[in-house]
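Subject: Structure handover and notes

Dear colleague,

I am passing on the structure below, and my notes on what was found in it follow. Please read them with the structure open beside you.

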Amino acid sequence: MPQRLTDLFVVFNRDAVLENITARLQAGEEPLHLLDDCRHAMTAVGERFQTGEFFLAELILSAEIFKEVSNLLETRLSRQGPAESKGRVLMATLRGDIHDLGKNILVTLLRSQGFEVQDLGVDVPPAHVIDKAREFQPHFVGFSALITTAFPSMKEAVALLQEAGWRDRVKVMIGGGVTTPAVRDYVSADFQTTDAMEGVSYCLNMSGGK
Ligand code: B12
């Protein structure tokens with residue numbers, strides 16, 4: 001089934017992708033598992049882009065299909081939300097990066113687990129994060145990155161948090177397909193993952209698993 005989904009993604013067969021997802025949902029598969037299969041399919045699209053087989057138009061097409069799948073799954077992912085707030089999370093994709101599909105999934109999952117999330121969007125200037133942190137008083141600051149040129153922006157944002165006296169008050173987490181533990185160290189973040197659910201678990205653990 002996962003390979004079939006990738007096959008459908010790489011020929012941009014939107015209807016067949018949505019049919020595949022709907023059928024598997026009806027058969028009782030977990031929405032998160034389905035999203036993860038789609039993420040693998042997107043990686044396959046990215047690999048073809050890297051080798052020159054696909055161009056930007058194909059990336060855009062795959063992103064459109066992925067968005068439709070996310071919309072389909074979002075209502076199911078956000079259903080079980082507890083009423084009491086577990087903490088505040090400030091999220092952004094920083095300057096130089098406009099990818100947001102993964103960030104949006106994380107935001108949905110965090111909200112479903114009871115976190116208040118302020119999502120600053122994409123291509124956000126690092127200084128803007130500090131202004132918003134002052135207003136929103138987050139417990140966690142999360143940066144999503146899919147392109148290596150966003151790493152200096154993340155480093156700058158963490159340095160600005162430090163300068164503003166905010167660094168010790170928040171946990172900084174980073175995620176997205178191109179991040180690694182080495183990037184976490186480079187930007188001086190506390191946590192790194194390429195799995196949204198691990199990010200949610202990190203926040204739950206750090207907020208006392210309330
Ligand atoms: C779709 C896509 C696009 C779409 C994005 C649409 C959108 N609204 O996001 C469009 C067409 C706009 C695009 C543009 C470009 N793209 Co692009 N794109 C991709 C592609 C195919 C998929 C990315 C994706 O959405 N994956 C699915 C999501 C769900 O996965 P994810 O982000 O990793 O998120 C998961 C986890 O990481 C986690 N997560 C994500 N963020 C966070 C944050 C935190 C805090 C936590 C805890 C967790 C977490 O949650 C998610 C679920 O588990 C990738 C290929 C790949 N290998 O990823 C290339 C890729 C990222 N793009 C790439 C490039 C080069 C570009 C362009 C420069 C192309 C160009 N020539 O213009 C532009 C960049 C413009 C810019 N300045 O940002 C390269 C980056 C290479 C690099 N090393 O930097 C890649 C890797 C393709 C490749 N192999 O060459 N792209």
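Gln137 is found in the loop between helix H6 (126-136) and strand S3 (140-144), where helices (H or I, at least four residues) and strands (E, at least two) are DSSP runs numbered from the N terminus. Although Gln137 is not a glycine, its phi is positive, at about 50°. With a relative accessibility of 37%, Gln137 counts as partly exposed, given that buried means under 20% relative accessible area, exposed over 50%, and partly exposed in between (1.4 Å probe, protein chains only).

Before going further, please note that this is a predicted model, in which local features need pLDDT of at least 70 and side-chain atom pairs count only at pLDDT 80 or more, while totals for chains, interfaces and linings use all residues. Residues are numbered from 1 along each chain as its sequence is written, and side-chain values use heavy atoms, with hydrogens and water left out.

Arg88 itself lies in strand S1 (residues 87-93) and is partly exposed, with a relative accessible area of 26%. Its C-alpha atom is separated by 37 Å from that of Ala57, 31 residues apart from Arg88 along the chain.

A positive phi is also found at Phe12, a residue other than glycine, where the value is near 55°; Phe12 sits in the loop between helix H1 (2-10) and helix H2 (14-26).

Turning to the whole chain, there are nine helices and five strands, which follow the pattern α-α-α-α-β-α-β-α-β-α-β-α-β-α along the sequence. The radius of gyration is 17 Å, close to the 17 Å that the globule rule gives for 210 residues, so the chain is as compact as a globular protein of that length; the radius is taken over C-alpha atoms, and the rule is 2.2 Å times the number of residues to the power 0.38. Buried residues make up 47% of the 210 residues, and residues 24 or more positions apart account for 70% of the contacts with a separation of 6 or more.

Finally, the cysteines: taking a disulfide as a pair of cysteine sulfur atoms within 2.5 Å, the count comes to zero. Cys38 is buried, with a relative accessible area of 0%, and Cys203 counts as buried at 0% relative accessibility.

Key: Contact = heavy atoms within 4.5 Å.
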